[in-house]
Amino acid sequence: MNAKKEKKNGFLKGAAWIAAGGFLAKVIGALYRIPLTNLIGGYGLGLYQMVYPVYCLLLTVSATGIPSSIAKLTAERLTKEQSDKPLFQTAMKLFLWIGLVGSLLMALFAPLLSKAQNSQQVVGGYYALAPSVFFVSAISVFRGWFQGRNHMFPTAASEVTEQAVKVGFGLLFAYLFRENVEKAVVFLLLSVSLSELVALLLMIFLFKRAPAPMQEKNNGGRVAMKDILRLSIPVTFSSILLPASALLDSVLAPRLLGVYATDPVTLYGLFAGGAVTIINLPVSICYGIAAASVPAVAAATERKTARKKVLRSLFTTIAVALPAALGLYFFAEPTAKIIFRSLKGEELQTLIKLVKIFSVSALTLSCVQTLSACLTAQGKPKFAALSMLIAVTVKTLVYVLLLQKPQISVFGLAYATNVCYLVAFLLDLLYNLSIRKAKTSAKAE
C-alpha cells in the first residue's frame, strides 16, 4: 500500500515539476510579448511569427517527440533492472548527427522558405535560428533520459532557462535595433539559438551530477539505433505535425488573408503570436501530466494497471484544463489587455475575439497531448501520429475555405484549429476505448 502511494506521489511530483517549469516558461514568454510588441510593433511581430513556427517545431521535438520515446525505453530498461547507459550513448550519437544535418538543411533552405512566405526580409532569421536545431537535438536526449528515470526537475529547469535567456537577449536586441525592425527580428531569432546553447550546458552539468539508479544489476546489452528510431520516428512525427502545420499556416494564411485584407501579416500575428500564446499557458501546465505519464504507464507490467494509469492521467488533465478553458473564455478581455498592453482599438478587439473562440482548445489540446503520451508509453505511437495527421489535414482544409470569406477573416484560423484538436482528441479516445474492448473480449474468450 505504501509502495502504491509512493508511486502515485512520484507521478504527481513529477507532473508538478514539469507543470511548474512549463507554466513559468510560458508566463515568461507571454510577458515577453508585452515589451517586445512595444518595441517592434504588430508588423515586427508578424515577421517574427513567420520564422518562429520553425522554432516551435524544434521545441516540440525537444519537449515531447524524442524525450517521450527515450523516456519509455529508459523506464523499461530500469524496470528490468538493466543499465540505461548503452541506451543513452546510442541515442546521443544518433540525434547529434540528426541535429547537425537539420541545422545544415535549415541554413541551406532559408532562401526558399523565405521566398515561399513572400518575405525575403526573414531569410537572415532562418540563418540565425539554424544552430538551435543541433542544440535542441542534444537537449531532447537529456530530457528523455531524465524523464525515464522519473527525474522531472532537469526538464523544468532547462525550459525556464531557455525562456529566461531568450527574453534577456531578445529584449536587449529589440531595444538596440528598434529603429530597424527587420534587423531586430533577425537578432531576436539569434537569441533563441543562444538560449538553447545555455540550456544544453545546463543539462550537461545536471547529467554529470546525476547518480546511477540503485536497481541496476546488469548492463542490458547494446542498443541498436534502429530500435530507437522504430519508436522515435512515429512519436516525433506525431509531435511535429502541429508545428509543421503552423509553418504551413504561416505560408498560406497571410496569402489568403491578403486577397481582401490590407494587413494580413498583422492579422496572422494576432492569431499565431497572440491567441496561441495565451491558450498555450494552461496547455503547458498539463504537459507535466503528459510527461509524467510516460514512465508511469511504460513501467506497468499489466494491461489493467496501465489502463488505470491512462485514465488517471486523462482525468487529472481534464480537472486542470477545463477550469482554465472556462477562465480564458470569460476573462479573455482582461487577459489580452494584461499580456498585450500595447494593442489598442481594432487589433485588441480582434485578439479578444480570437481568444474567446480559441479557448476550447485549452481543454482539447491538453487532453490530446496526454493521450498521445500514454499511447507512446504503451508502444502505440503510430496511431497518435495517424490521428494528428488526420486532424491537421482537416484543419488545413477548413481554414482554406473559411479564410476566403472576408466576413470570417482570421477567425477562420481559430475555428479550424478548434476542429483540429477536437478530431485528434476523439480519435485518440476512441482508440483507447477500442483497445480496452479488444483486450476484454480476448480475455472473455
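**Close-up views of an all-helix predicted model**

View 1. Lys337 is partly exposed, at 38% relative accessibility. Here buried means under 20% relative accessible area, exposed means over 50%, and partly exposed lies in between (1.4 Å probe, protein chains only). This is a predicted model, in which local features need pLDDT of at least 70, side-chain atom pairs count only at pLDDT 80 or more, and totals for chains, interfaces and linings use all residues. Residues are numbered from 1 along each chain as its sequence is written, and side-chain values use heavy atoms, with hydrogens and water left out. Glu333 is also partly exposed, its relative accessible area being 38%. The two residues form a salt bridge whose closest N and O atoms are 2.9 Å apart. A salt bridge is a side-chain nitrogen of Lys or Arg within 4 Å of a carboxyl oxygen of Asp or Glu. Glu333 and Lys337 are separated by about one helical turn, because they lie 4 residues apart in helix α10 (residues 332–339).

**View 2. The whole chain.** The protein chain has 14 helices and 0 strands. Helices (H or I, at least four residues) and strands (E, at least two) are DSSP runs, numbered from the N terminus. Of the 445 residues in the protein chain, 55% are buried. The chain exposes about 19300 Å², and carbon and sulfur atoms supply 67% of this area. Accessible areas come from the Shrake-Rupley method with a 1.4 Å probe; for residues, only the protein chains shown count as cover. Among contacts between residues at least 6 apart in sequence, 85% join residues at least 24 apart. A contact means heavy atoms within 4.5 Å.

View 3. Glu162 pairs with Arg143, with 3.1 Å between the closest N and O atoms. Glu162 belongs to helix α5 (residues 153–176) and Arg143 to helix α4 (residues 131–148), 19 residues apart. Glu162 and Arg143 are both buried. Asp249 forms a salt bridge with Lys395, where the closest N and O atoms are 2.7 Å apart. Asp249 sits in helix α7 (residues 225–257) and Lys395 in helix α13 (residues 381–402), a separation of 146 residues. Asp249 and Lys395 are buried too.

View 4. A search of the whole structure finds 0 disulfides, a disulfide being a pair of cysteine sulfur atoms within 2.5 Å. For Cys286, the closest cysteine sulfur is that of Cys367, 7.6 Å away, so the two are too far apart for a bond. Cys286 is buried, at 0% relative accessibility. Cys420 is buried as well, with a relative accessible area of 0%.

**View 5. Two nonpolar cores.** A nonpolar core is a set of buried Ala, Val, Leu, Ile, Met, Phe, Trp, Tyr and Cys residues joined through side-chain atoms within 4.5 Å. The largest one has 50 residues, of which Phe271, Leu354, Met388, Val410 and Leu413 touch the most other members. Two or more of its residues come from each of α7, α8 (264–298), α9 (303–330), α10, α11 (345–358), α12 (361–377), α13 and α14 (411–444). Helix α8 gives the largest share, 10 residues. Leaving aside residues up to four places away in sequence, Leu354 touches Leu270, Phe271, Ala275, Val410, Phe411 and Ala414. A second, separate core of 26 residues includes Met50, Met106, Tyr126 and Ala130.
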